[in-house]
Amino acid sequence: MKSNLFLHGNAADWIPCCSLEGIQQRAQTLSSIRQFFADRNVLEVETPILSLFPNLDPHQEPFTFLNSDQPRYLQSSPEHHMKRLLAAGCPSIYQITRAFRVGDYGTTHNPEFTLLEWYRVNSTHYALAEEVIELIQRCAGPYSIQQTTYGEIFESHLHINPHTVSDALLQEAVFARDSKLHLNDRSSCLDYLWSHAIQPKFSANTLVLVHDFPVCQAALARIEKHNAIEISNRFEIFVGSLELANGYYELQNVEEHHARFSQAASTFSSKRPIDARFLEALQHGLPDCAGVALGVDRLILLALQQKKLAAKRLADVLTFDWDRA
């Protein structure tokens with residue numbers, strides 16, 4: 001009789017990375033997610049994984065698939081396609097899909113991962129954030145909840161106002177923690193300070209909702225003034241030091257989209273095409289909406305941890321991670 005290798009911790013490369021409990025938890029989580037949206041009458045959709053256009057996020061390097069003389073890109077997010085569906089008249093929608101990002105491999109990253117993305121029509125990012133919290137609580141168990149702004153938490157930990165501090169002082173704060181690191185742009189300095197001085201201090205038992213991000217980190221979120229300071233209508237959700245979700249009150253202005261795409265494209269080492277079809281959809285008209293992306297693998301990891309099962313890294317919830325794929 002063949003032994004059950006899930007029970008023996010066998011390290012052979014053909015053996016799955018995760019336990020049988022991890023596989024079962026994934027099935028349960030996916031079922032819970034679909035039921036969550038069915039209860040709310042949100043439509044499930046499916047969009048291409050390979051596209052003629054990559055997402056123009058300066059922090060995400062796309063995988064390129066050479067098809068004859070015209071490359072296609074494995075999508076790091078279904079955002080553009082889903083917004084094209086919204087512009088064409090779809091109601092509130094969601095998608096569970098595979099996504100791909102070059103270089104993201106480690107304890108909490110895998111270059112191929114499962115992403116949940118959804119858009120609520122006629123909703124703000126504040127209302128959407130509350131819905132995200134409901135989903136996390138349903139799938140991964142109860143947490144105490146802390147709601148704060150990016151500015152409040154930055155000032156409480158570092159005594160820096162991230163919206164008004166000068167670039168020079170930000171660079172000094174980074175240099176004080178790593179004298180060999182030289183970051184020239186504002187967003188990179190803020191990201192470094194956040195990930196090294198703030199995020200690791202979050203409690204493992206607390207779900208932290210952070211909103212009102214600096215303008216330099218707006219991505220495709222709307223910008224507005226709060227108390228004479230411009231902020232981006234964006235939120236992120238953390239459990240402990242693990243980032244789970246990133247959401248926006250979606251930008252609708254096509255000219256502003258084009259300006260942000262052009263600015264992002266100028267930072268790339270190699271030329272990437274701007275998604276002309278996405279811009280055409282925006283020209284037609286994106287409805288008033290909020291959208292969010294949530295890491296499903298990380299959600300499953302938290303669910304296993306809540307059950308006190310051995311799961312410390314993302315590979316513990318993947319059948320075959322990057323090294324065993």
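Thr 114 lies in strand β6 (residues 112-121). The model is predicted, with local features requiring pLDDT of at least 70 and side-chain atom pairs counting only at pLDDT 80 or more, while totals for chains, interfaces and linings use all residues. Residues are numbered from 1 along each chain as its sequence is written, and side-chain values use heavy atoms, with hydrogens and water left out. Helices (H or I, at least four residues) and strands (E, at least two) are DSSP runs, numbered from the N terminus.

Beyond its neighbours within four places in sequence, Thr 114 is in contact (heavy atoms within 4.5 Å) with Arg 26, Ile 96, Thr 97, Arg 98, Leu 294, Gly 295, Val 296 and Asp 297.

Leu 74 belongs to strand β4 (residues 70-74). This residue is partly exposed, because its relative accessible area is 23%. With neighbours within four places in sequence set aside, Leu 74 is in contact with Ile 49, Leu 50, Pro 62, Phe 63 and Phe 100. Its C-alpha atom is separated by 31 Å from that of Val 208, 134 residues apart along the chain.

**Nonpolar cores**

A nonpolar core is a set of buried Ala, Val, Leu, Ile, Met, Phe, Trp, Tyr and Cys residues joined through side-chain atoms within 4.5 Å. The largest one has 38 residues, of which Ile 33, Leu 116, Trp 118, Val 132 and Ile 237 touch the most other members. Helix α3 (residues 125-140) supplies the largest share of this core, 8 residues. Another core, of 21 residues, lies apart from it and includes Ile 160, Val 174, Trp 194 and Phe 213. In soluble globular proteins, nonpolar side chains tend to be buried together.

Ile 33, leaving aside neighbours within four places in sequence, is in contact with Ile 96, Leu 116, Leu 135, Cys 139, Val 296 and Leu 299.

**Helix packing**

Two packed helices are described by the angle between their axes and the distance between the axes. Axes are lines fitted to C-alpha atoms, for helices over the stretch in contact, and angles run from 0 to 180 degrees between N-to-C directions.

| Helix pair | Angle | Axes |
|---|---|---|
| α1 (residues 20-39) and α3 | roughly 140° | within 10 Å |
| α5 (residues 167-177) and α6 (residues 186-198) | about 40° | 9 Å apart |

The angle of roughly 140° makes α1 oblique to α3. Angles under 35 degrees count as roughly parallel, over 145 as roughly antiparallel, 65 to 115 as roughly perpendicular and the rest as oblique. In the contact, Gln 25, Thr 29, Ser 32, Ile 33, Gln 35, Phe 36 and Asp 39 of α1 meet Glu 131, Glu 134, Leu 135, Arg 138 and Cys 139 of α3.

Helices α5 and α6 are likewise oblique to each other. Their contact is formed by Asp 167, Leu 170, Gln 171, Ala 173, Val 174 and Arg 177 in α5 with Arg 186, Cys 189, Leu 190, Tyr 192, Leu 193 and Ala 197 in α6.

**Helix α4**

In helix α4 (residues 150-158), the buried residues are Tyr 150, Gly 151, Ile 153, Phe 154 and Leu 158. Their cover includes β7 (144-149), α5, α6 and β8 (206-213).

Methods: Buried < 20%, exposed > 50% of the residue type's maximum accessible area, 1.4 Å probe, protein only.
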